[in-house]
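Hello,

Here is the model I promised to pass on to you. Have a look at it first, and then read on for what turned up in it.

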Amino acid sequence: MKIFRALALVLALAVCCSPDARAEGFALNEWSARGVALAGGMVGRADDVSTLAYNAAGITQIPGTHVMGGLAFIAPMGTIVSDMANGVEKHTSTKPNVWLAPHGFVSHQLNDRVWLGFASFSRFGLGNSFNSQWAGRYNMYDIGMQTVSFVPSLAYKVNDVLSLSVGVEALYAHVYMGNKVPTITAASYPNIVGNDLQLEGSGWGVGAHLGMHMRFNDQWSMGLSYKSQITLNLFGDVDFGYEGPNGLITAGKMHGPEARDRSANATLQLPDSIALGIAYKPLDNLSFEVGSVFTRWSTYNALNINMGDDYSAINNKEWRDGWNFNASVEYKPLDWWALRAGFAYETPVVNESYSDYMMPTNGRTMMSLGTGFAWENWTVDLTYAHLWINPVDYDHTETSGIRSAASGIKGGHSENVQANIYMFSVGYSF
């Protein structure tokens with residue numbers, strides 16, 4: 001019964017909040033407070049129940065039954081500088097928002113060789129919002145992608161050195177986007193007005209997780225984990241602010257599809273990734289880890305939305321593969337108290353020939369600090385992290401709605417893009 005009670009707690013946490021955040025690309029790694037404090041350095045350590053998100057093979061290091069849950073509060077901010085055709089620079093800041101990313105884990109030891117695990121966390125997400133009348137409204141003024149992954153796992157301890165794991169991921173996603181459609185009507189000509197286009201949809205995808213953990217001795221350990229590519233099929237609806245003729249007048253004729261509410265669908269290819277971590281523990285109360293994550297963002301080559309025979313949105317992406325490099329340290333001055341710090345750098349992935357306002361980021365650096373407390377069967381972890389995010393250039397983008405006559409934008413860039421993360425996790429051992 002212990003494992004069923006723990007599983008119920010995890011499921012309750014997963015459905016109580018919608019995970020929505022922004023990260024390099026739109027992959028997330030806010031999977032536990034300890035994991036973020038260690039900049040993701042849980043692949044080689046792999047020594048608490050949250051390793052189910054980082055490297056599930058590591059749960060063979062924790063006997064018995066364990067449960068953990070928590071929440072990340074992610075506060076991004078930034079400014080878009082639009083170079084207008086009339087020579088004016090317009091500075092537009094994102095609306096202040098705090099996105100929530102919950103996580104929950106449970107592990108249970110069946111016998112000396114076999115462990116079961118269940119994880120709920122968010123692998124992908126983004127959120128970005130501007131005033132609906134800002135200069136870049138014809139590209140977008142509001143967007144959100146919320147996902148939650150449910151991952152049951154099986155870990156097997158081959159011997160005292162080697163453990164292996166396999167898991168199945170069911171990923172649910174909800175996506176919404178709002179932008180203006182440039183329209184000229186006879187009543188408004190020669191002024192360009194903007195018809196609202198609101199798109200909303202959801203869907204499921206399935207993938208696999210594989211893990212390996214090797215504990216060579218009391219000092220050295222290594223982990224390797226793989227998360228597969230997921231094909232996400234989204235289905236939803238498009239609503240316009242008003243229905244009727246839609247488009248720009250050229251040579252006295254209206255050009256553009258009919259603005260009418262309709263159904264829509266899209267296929268989104270989410271990338272696979274592989275993570276490596278090497279941990280060193282010179283003392284019982286001191287550990288280090290260095291690691292790397294390779295994410296195959298080159299699979300994300302387009303986001304095409306089909307809205308019927310006469311209306312589709314073609315969005316080329318052609319992103320580059322990305323790397324994350326991380327290092328971390330954990331020190332326990334007392335048996336019940338831990339101090340943590342981490343550093344991570346992520347390489348740029350956005351192709352600036354197709355850059356857009358959905359993702360005004362192109363590589364980032366993260367510094368994190370955290371602490372943990374243990375009391376009897378309970379653990380509490382607290383973390384703060386700050387992200388410095390590289391700017392994106394819009395001078396040469398071909399993406400619709402940015403460098404166009406309707407928007408009056410001839411170029412620009414993002415600046416002062418950053419994020420603060422506040423996070424907690426609470427754990428209990430049965």
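Lys317 is buried, because its relative accessibility is 2%, where buried means under 20% relative accessible area, exposed over 50% and partly exposed in between, for a 1.4 Å probe and protein chains only. You will find Lys317 in the loop between β17 (312-313) and β18; helices (H or I, at least four residues) and strands (E, at least two) are DSSP runs, numbered from the N terminus. The side chain of Lys317 has a polar contact of 2.5 Å with the side chain of Asp356. By polar contact I mean a pair of N or O atoms within 3.5 Å; within protein, one must be able to donate a hydrogen and the other to accept it, and residues adjacent in sequence count only if both atoms are side-chain atoms. Apart from neighbours within four places in sequence, Lys317 is in contact (heavy atoms within 4.5 Å) with Tyr300, Asn301, Ala302, Leu303, Asn351, Tyr354, Asp356 and Met358.

A word on the source: this is a predicted model, in which local features need pLDDT of at least 70 and side-chain atom pairs count only at pLDDT 80 or more, while totals for chains, interfaces and linings use all residues. Residues are numbered from 1 along each chain as its sequence is written, and side-chain values use heavy atoms, with hydrogens and water left out.

Ser425 is another buried residue, with a relative accessible area of 1%, and it is part of strand β22. Its side chain makes a polar contact of 2.7 Å with the side chain of His103. Gly69 is 356 residues away from Ser425 along the chain, yet their C-alpha atoms are 5.5 Å apart. Residues up to four places away in sequence aside, Ser425 touches Ser32, Ala33, Met68, Gly69, Gly70, His103, Thr379, Val380 and Asp381.

Which strands pair with β22? Strand β1 (residues 65-84) runs antiparallel to β22 (residues 409-429), with 18 bridges between them; a pair needs at least two bridges found by DSSP. Within this pairing, Ser82 has Gly412 as its bridge partner. Strand β21 (residues 378-389) also pairs with β22 in the antiparallel sense, over 11 bridges, and there Trp378 stands opposite Tyr428.

Two backbone angles deserve a look. Most residues other than glycine have a negative phi. Asn416, in strand β22, has a positive phi near 55°, and it counts as exposed because its relative accessibility is 54%. Glu376, in the loop between β20 (364-375) and β21, has a positive phi near 50°; it is exposed too, at 68% relative accessibility.

On a 1 Å grid over the protein atoms alone, a cavity is a set of points where a 1.4 Å probe fits but cannot get out, and a pocket is an open set with protein on both sides within 12 Å along at least five of seven lines; lining residues have an atom within 4 Å of a point. Grid points are joined across faces, edges and corners, and a volume is the space filled by probe spheres set on the points.

The largest pocket has a volume of about 920 Å³. It is lined by 44 residues, with Arg34, Asp47, Asp48, Glu330 and Lys332 closest to its centre. Strand β14 (residues 273-283) provides the largest share of that lining, five residues. The pocket lining divides into 18 nonpolar, 12 polar and 14 charged residues, where Ala, Val, Leu, Ile, Met, Phe, Trp, Tyr, Cys and Pro count as nonpolar, Asp, Glu, Lys and Arg as charged, and the others, Gly among them, as polar.

How many cavities of 30 Å³ or more are there? The count comes to seven. The largest cavity holds about 450 Å³, and of its 27 lining residues Ala27, Leu28, Asn29, Val293 and Thr295 lie nearest the centre. Strand β18 gives the most to this lining, with four residues, and the lining as a whole has 13 nonpolar, nine polar and five charged residues.

The second largest cavity holds about 340 Å³. Its lining has 28 residues, and nearest its centre are Ile143, Val175, Leu234, Leu303 and Ile305. Here β13 gives the most, with four residues, and the lining divides into 20 nonpolar, five polar and three charged residues.

Best wishes
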